[in-house]
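Subject: A structure for you to explore

Hi there,

Here is the structure I promised to pass on to you. Please open it next to this email, and then read on for what was found in it.

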Amino acid sequence: MNRPLIGIECGTSALDSHAKISQDRLNRSYSRAVWEAGGVPVIVPCLEDSAAAEAIMSRLDGLLLSGGADVSPTLYGEDRLNDTVEVDEARDRAGQALIRAALRNGLPVFAICRGIQALNVAMGGTLYQDLPAQRPSEIRHRQTESRGAQTHSIEIDPESRLARIVGATRMEVNSFHHQAIKDVAEGLTVTARAPDGVVEAVEGLSGSFLLGVQFHPEELIDVCEGSRALFRALAHAAEGARVQTR
Ligand code: MN
């Protein structure tokens with residue numbers, strides 16, 4: 001079997017006050033989820049060069065955007081709201097270039113947590129910079145439970161690609177986000193919300209595989225068939241992209 005190559009955008013050590021050198025980092029759960037779904041995970045480094053992004057994405061069959069620090073508000077024309085907003089400008093520049101390159105090449109994109117936010121911003125949308133301050137809620141979107149604990153539900157649009165993939169219109173998810181989508185970009189549509197209305201999933205309107213979730217399915221693959229199905233869908237779409245382009 002010729003598995004598709006799925007690039008995984010990584011995070012950096014920028015927010016780690018103990019880090020003495022710049023490092024690229026990725027939770028291992030992303031690579032494992034891609035591999036077990038039938039893809040070849042390829043960790044994509046943080047390179048602030050749009051030519052690098054183009055060169056990398058021209059060799060890959062799909063892109064997975066991972067979680068991490070807040071997205072810089074300057075990317076959607078706002079000043080930083082308060083000190084809780086912790087950004088990694090280098091990662092933002094590298095990541096935005098990767099997203100643009102993937103979209104230009106028509107590659108499948110699956111965006112997780114920070115990724116759904118970065119995708120929305122790349123396509124012209126905005127974010128709540130500090131969700132607890134700007135949109136107080138009974139739901140704790142930054143859970144203190146373990147990574148694989150499902151602490152809130154989401155309601156999924158039955159007509160969505162997401163519902164077809166996970167085979168359900170309701171799902172129990174984990175939640176580790178400080179920000180969330182405010183204004184949805186043109187070209188994306190909301191396909192799931194938490195009980196408090198916070199956007200938990202979007203997908204592209206163009207028909208290509210463009211999917212974002214605010215939760216962390218890579219941490220749920222051992223307990224949730226729907227989460228496994230999301231990575232299989234990405235691998236399947238990437239396989240289709242590989243066959244088309246090579
Ligand atoms: Mn949430």
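A residue is called buried when its relative accessible area is under 20%, exposed when it is over 50%, and partly exposed in between, using a 1.4 Å probe and protein chains only. Before we use that, a word on the model: it is predicted, so local features need pLDDT of at least 70 and side-chain atom pairs count only at pLDDT 80 or more, while totals for chains, interfaces and linings use all residues. Residues are numbered from 1 along each chain as its sequence is written, and side-chain values use heavy atoms, with hydrogens and water left out.

**The metal site**

Which residues coordinate the manganese ion? They are His-141 through ND1, His-152 through NE2, Ser-175 through OG, His-177 through NE2 and Glu-200 through OE, at 2.2 to 2.3 Å. A donor here is an N, O or S atom within 2.8 Å of the metal (3.2 Å for Na, K and Ca), and water is not among the atoms, so sites may look incomplete. Along the sequence, the spacing of these donor residues reads H-x10-H-x22-S-x1-H-x22-E. Two of them come from distant parts of the chain: His-141 lies in the loop between helix H5 (131-134) and strand S8 (152-156), and His-177 in the loop between strand S9 (170-173) and strand S10 (180-181), 36 residues apart. The names H and S followed by a number stand for DSSP runs, numbered from the N terminus: helices (H or I) have at least four residues and strands (E) at least two. His-141 is buried, with a relative accessible area of 6%, and His-177 is buried too, with 3%.

**The sheet**

Next, look for the strands. Nine of them form an open sheet with mixed pairing, in the order S4-S1-S5-S6-S13-S12-S11-S8-S9. Two strands count as paired if DSSP finds at least two bridges between them. Strand S4 (40-44) and S9 stand at the edges with a single partner strand each, so one side of each has no neighbour in the sheet. S1 pairs with strand S5 (residues 62-65) in the parallel sense, over four bridges. Within S5, Leu-65 is the bridge partner of Glu-9.

**Salt bridges**

Glu-9 turns up again here. How many salt bridges does a search of the whole structure find? The search finds 17, where a salt bridge is a side-chain nitrogen of Lys or Arg within 4 Å of a carboxyl oxygen of Asp or Glu. In one of them, Glu-9 meets Arg-91, with the closest N and O atoms 3.0 Å apart. This pair links distant parts of the chain, as Glu-9 is in strand S1 (residues 5-9) and Arg-91 in helix H3, 82 residues apart. Glu-9 is buried at 4% relative accessibility, and Arg-91 is buried at 3%. Both belong to a network of salt bridges that links Glu-9, Arg-91, Asp-92 and Arg-114.

Now try Glu-36 and Arg-32, whose closest N and O atoms are also 3.0 Å apart in a salt bridge. Glu-36 and Arg-32 are four residues apart in helix H1 (residues 28-36), so about one helical turn separates them. Glu-36 is exposed at 52% relative accessibility, and Arg-32 is partly exposed at 37%.

**Two helices**

Helix H3 (residues 89-104) has 16 residues, which at 1.5 Å a residue should span 22 Å; its end C-alpha atoms are 22 Å apart, which agrees. The expected span is 1.5 Å times one less than the number of residues. The buried residues of H3 include Arg-91, Asp-92, Leu-98 and Ile-99. Just after H3, Gly-106 takes a positive phi of about 65°.

In helix H4 (residues 114-122), eight of the nine residues are buried, so this helix is largely enclosed by the rest of the structure. Among them are Arg-114, Ile-116, Leu-119 and Val-121. Gly-124 follows H4 and has a positive phi, near 110°.

**Cysteines**

Last, the disulfides: the count comes to zero, taking a disulfide as a pair of cysteine sulfur atoms within 2.5 Å. For Cys-10, the nearest cysteine sulfur is that of Cys-46, 6.4 Å away. Cys-10 is buried, with a relative accessible area of 3%. For Cys-113, the nearest cysteine sulfur belongs to Cys-10, 16 Å away, and Cys-113 is buried at 4% relative accessibility.

Enjoy exploring!

Best wishes
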